Amino acid sequence: MNEPQRPGRTFVFALALTALVTPLAVHLFFPVIPAVKVALGLTDAHAQLTFSIALFGMAFATLFYGALSDRYGRRPVLLSGLTLFLFGSAVSAFAETANALVLGRFVQAIGAGCAMTLVRAIARDAFRAEQLIKAIAYLTMFGTLGPMVSPVIGGLLIDTLGWRSVFGFSLIAGSVITLIAYLVMRETHPVANRSKTQESIVQSYVALFSRLRFNAFVFQTGFNTGAFMVMAVAAASLMTELLHRPATEFGLYFLLFPLGFFTGNFISTRLGGRVSTETMVLAGSLMAMVAVVAQVVVLSSGWVMPLAFFLPGTFITMAQGISMPFGQAAAMAEIPRFAGTAAGIGVFMQNFCAAVSTQVYGLLADGTPRPMMVMAVLCSVLTLVFGAIPYLLKRVAAASPPA
């Protein structure tokens, strides 16, 4: 088998740009939720559906993108997903009813589901094993620029041009990314390297989910993401409805979230190869738990202010940045021939846990921070439980006498 071609700077830049499609479908929409609620006369739960439907669609789409890319190659699957994203953005921009907006968001998210799944799979193809954790961390750091600026851009667009302009921006930015991907992205998973077995997609899922370590890594990432998403969507509503702050101010405060994620990823790049995967995942899980407990104490004491929402969330995203690159690389390494499928499952868990958590929050929302605190505590407890499993398995294995 030939050694894979070393990825050049243009290829890496195109790969990093592709990661920006996810925040165009998710983070750009945060400040839109209160505006859509008012414009279309929606309830809290229905308004939340316009957000969570995207996470559900993205979650299930990632399962198929990963498995299809293992069998048919990364490039054609990636370009197909990007095309769907553009179509969904156009439908959302011209939606006249809540149902039409939900449909457009669903299609947009199905397309966006290709981004992080295939970025991770392509990175695994293109980089050597010892470079993979750092590669994922650096790509995620670049992708952090999207979540960092998206809510600010969204808030400015809403305050100046109205909520529909947000989808127009998604359409324009997505078109540029799609064109660059078409011109630059080469196929990294050639026919000779694809699975030649008769194993079905279901069998690949069964093989992966039969491994406790794999389950622990993907569920830890999923529930950590769920805690962050609950804080983010709750902050968007509470800033507008409880504290009466403009959408632009929310976008500026939101900068703290990706800043925390960026910092966590920077730590990962410094420690990659020197600290074990199990230790880093557990450290991130503990940090998330401490951040949520601190937020509960502050808000329960009556200190309801913007920083009470955003500062704990900053440490939760830092926890993600610390643990996620290690957990992702370990999950894809469990069964190497199913790396794309494993990447898809990892992204699925992130989006599915976030979708369930935010929709439950929407059902519980009562205009106070209490429902946010309940959901964030639940997600952080589960994050810690799953984050501790690989560490405990390693300790047990080290204590057991060799056979």
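Visitor: Which residue follows H3, and what is known of its phi?
Guide: Gly41 follows H3. Its phi is positive, near 65 degrees. The model is a predicted one: local features need pLDDT of at least 70, side-chain atom pairs need 80 or more, and totals for chains, interfaces and linings use all residues. Residues are numbered from 1 along each chain as its sequence is written, and side-chain values use heavy atoms, with hydrogens and water left out.

Visitor: Is Ala39 buried, exposed or partly exposed, and why?
Guide: Buried means under 20% relative accessible area, exposed means over 50%, and partly exposed is in between (1.4 Å probe, protein chains only). Ala39 has 48%, so it is partly exposed.

Visitor: Which residues of H3 are buried?
Guide: Val32, Ile33, Pro34, Val36 and Lys37. Their cover includes H4, H6, H9, H10 and H12.

Visitor: How do you know that the span of H6 agrees with its number of residues?
Guide: The expected span is 1.5 Å times one less than the number of residues. H6 has 15 residues, so it should span 21 Å. Its end C-alpha atoms are 21 Å apart, which agrees.

Visitor: What do the buried residues of H6 pack against?
Guide: They pack against H2, H3, H4, H5, H7 and H10. Contact here means heavy atoms within 4.5 Å. Among the buried residues of H6 are Leu101, Val102, Gly104 and Val107.

Visitor: Why is Gly57 called buried?
Guide: Gly57 has 3% relative accessibility, so it counts as buried. This glycine lies in helix H4. It touches Phe106 and Ile110, leaving aside residues up to four places away in sequence. How far is Val107 from Gly57? They are 50 residues apart in sequence, yet 7.5 Å apart in space, C-alpha to C-alpha.

Visitor: What makes a set of residues a nonpolar core?
Guide: The members are buried Ala, Val, Leu, Ile, Met, Phe, Trp, Tyr and Cys residues, joined through side-chain atoms within 4.5 Å. The largest one has 89 residues. Those with the most contacts inside it include Val26, Phe30, Phe51 and Phe250. Helix H12 gives the most to this core, with twelve residues. Apart from it lies another core, of 25 residues, among them Phe214, Met332, Ile335 and Phe348.

Visitor: Which residues does Phe250 touch?
Guide: Its partners include Phe30, Pro31, Pro151, Met239 and Phe310, not counting residues up to four places away in sequence.

Visitor: Which residues form the nonpolar patch on the surface?
Guide: Trp303, Met305, Leu307, Leu311 and Phe315 form it. Together they have about 490 Å² of accessible area, by the Shrake-Rupley method with a 1.4 Å probe, where only the protein chains shown count as cover. Patch residues have over 30% relative accessible area and no salt bridge; nonpolar side chains (Val, Leu, Ile, Met, Phe, Trp, Tyr) are joined within 5 Å, like charges within 9 Å.

Visitor: Why is Met305 called partly exposed?
Guide: Its relative accessible area is 38%, so Met305 falls into that class. Met305 is found in the loop between helix H15 and helix H16.

Visitor: What makes Glu96 and Arg164 a salt bridge?
Guide: A salt bridge needs a side-chain nitrogen of Lys or Arg within 4 Å of a carboxyl oxygen of Asp or Glu. In this pair the closest N and O atoms are 3.7 Å apart, so the pair passes. Glu96 is in the loop between H5 and H6, and Arg164 is in helix H10, 68 residues apart.

Visitor: How many salt bridges does the whole structure hold?
Guide: The search finds nine. One of them joins Asp70 and Arg74 at 3.0 Å, N to O. Both of these residues are buried.

Visitor: What is the N to O distance between Glu278 and Arg213?
Guide: It is 2.8 Å, in a salt bridge. Glu278 lies in helix H15 and Arg213 in helix H12, so the pair ties together parts that are 65 residues apart in sequence. Glu278 has 10% relative accessibility, so it counts as buried. Arg213 has 26%, so it is partly exposed.

How values were computed: Helices (H or I, at least four residues) and strands (E, at least two) are DSSP runs, numbered from the N terminus.
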